[in-house]
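Here is a quick tour for anyone meeting this structure for the first time. Have a look at it before reading on.

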Amino acid sequence: TAGTAMLLLFLQLMSGFIWNIEIVGNSRVTDSEIMSALNKIGIYEGIPSGKIESKSQREKLLLEIDSLAWCSLNVEGCRLTVNVSEAKEKAENESQPCNLKSEFDGIVKKIDITAGNCVVKVGDTVKKGDVLVSGIIENAGGTRFVSSSGTVTAEVKHTFTLSDKYKKTEIKETGTVKKRCVLEFFTLKIPLFLGSQTGTYNEELETKSLSLLGEKLPIRLYKKKFRITKEVTVIKNKEQLISGLEAEMEKLLKKEKITDYSIISKEFTETDAGVALNLTVSTEQNIAYRDFLLISTGN
């Protein structure tokens, strides 16, 4: 039929173009970062496949993204596969001489040192920045420098403050949802609606790629949902503020990775505007961190 003939003619014309780009092998570097770099060096969906110069553009891509160690550009029909290998993250030099210093004020409860000269003992009170384990060891044979390692567990106090107001303005969804669609053919975007969305809203995007005979076409349908919002005045009483502050404090403690603790003091302070929560907790944690030594090699 005429429709089939036109479809075959269209496929024949489009067979010389890259319909979609697939990125393989990345974990730390995102697809969007790599796609952005590809666009910079002149590679994009819709480019004639004959314009892809694998060797030179591969080198350009590596120059664009320092965290890539290797890449290859492989054209298979209408698809370009970008295979990448990421450079290994630079590991901390475990052999470099260093001290262990205290990250917080605290009282030493337990010491487990595998290297270095420990200069504190259980029961000592230490301040933030104090040397706990020295990487400088002096004996009859002279001075040597080591990479101190191990843990120093101490009882540490942390104080946190949160506050909230009785009356405040919040952004809330009204329940009204508006939808907009955009059709993308290669890099050409065609709005399937008139006008533009105004006002305030929360946005939700859904993307659908079209396929033919198992092969992705260079056609995408973007569906946007606009959840309309408005400013509302929220008034809470003292009990509601206290309940909300306690919940937020629990989230804050989890964020700070403080899960096993005892409460030293917990105080709610009321003002004309609202309520403040002041919480001081005690916990045991490793306070040692590595502080590398700068050793002069001059005479």
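What follows is a short walk through a core, some rings and a sheet. Keep in mind that this is a predicted model.

Let's start inside. The largest nonpolar core has 19 residues, and L38, L61, L80 and V82 are the ones that touch the most other members. Two or more residues of this core come from each of β1 (20-24), α2 (31-40), β2 (68-76) and β3 (79-86). Take L80 as an example: setting aside neighbours within four places in sequence, its contacts include I18, I21, I43, I52 and L73. N20, E22, N74 and V75 are also among the contacts of L80.

Now for the rings. There is one aromatic pair by the rule used here. Y201 and F226 make an edge-to-face pair, because their planes stand at 90 degrees, with ring centres 4.8 Å apart. Since Y201 is in strand β14 (residues 201-212) and F226 is in strand β15 (residues 215-235), the pair ties together parts 25 residues apart in sequence. How do the two partners compare with the solvent-exposure classes?

| Residue | Relative accessible area | Class |
|---|---|---|
| Y201 | 30% | partly exposed |
| F226 | 6% | buried |

β16 pairs with β17 (residues 274-286) over eight bridges, in the antiparallel sense. Opposite T280 in β17 you'll find S265.

Note on methods:
Residues are numbered from 1 along each chain as its sequence is written. This is a predicted model: local features need pLDDT of at least 70, side-chain atom pairs count only at pLDDT 80 or more; totals for chains, interfaces and linings use all residues. Side-chain values use heavy atoms; hydrogens and water are left out. A nonpolar core is a set of buried Ala, Val, Leu, Ile, Met, Phe, Trp, Tyr and Cys residues joined through side-chain atoms within 4.5 Å. Buried means under 20% relative accessible area, exposed over 50%, partly exposed in between (1.4 Å probe, protein chains only). Helices (H or I, at least four residues) and strands (E, at least two) are DSSP runs, numbered from the N terminus. Contact means heavy atoms within 4.5 Å. Rings of Phe, Tyr and Trp (its six-membered ring) pair if their centres lie within 6.5 Å; planes under 30 degrees apart count as stacked, over 60 as edge-to-face and the rest as tilted. Two strands pair if DSSP finds at least two bridges between them.
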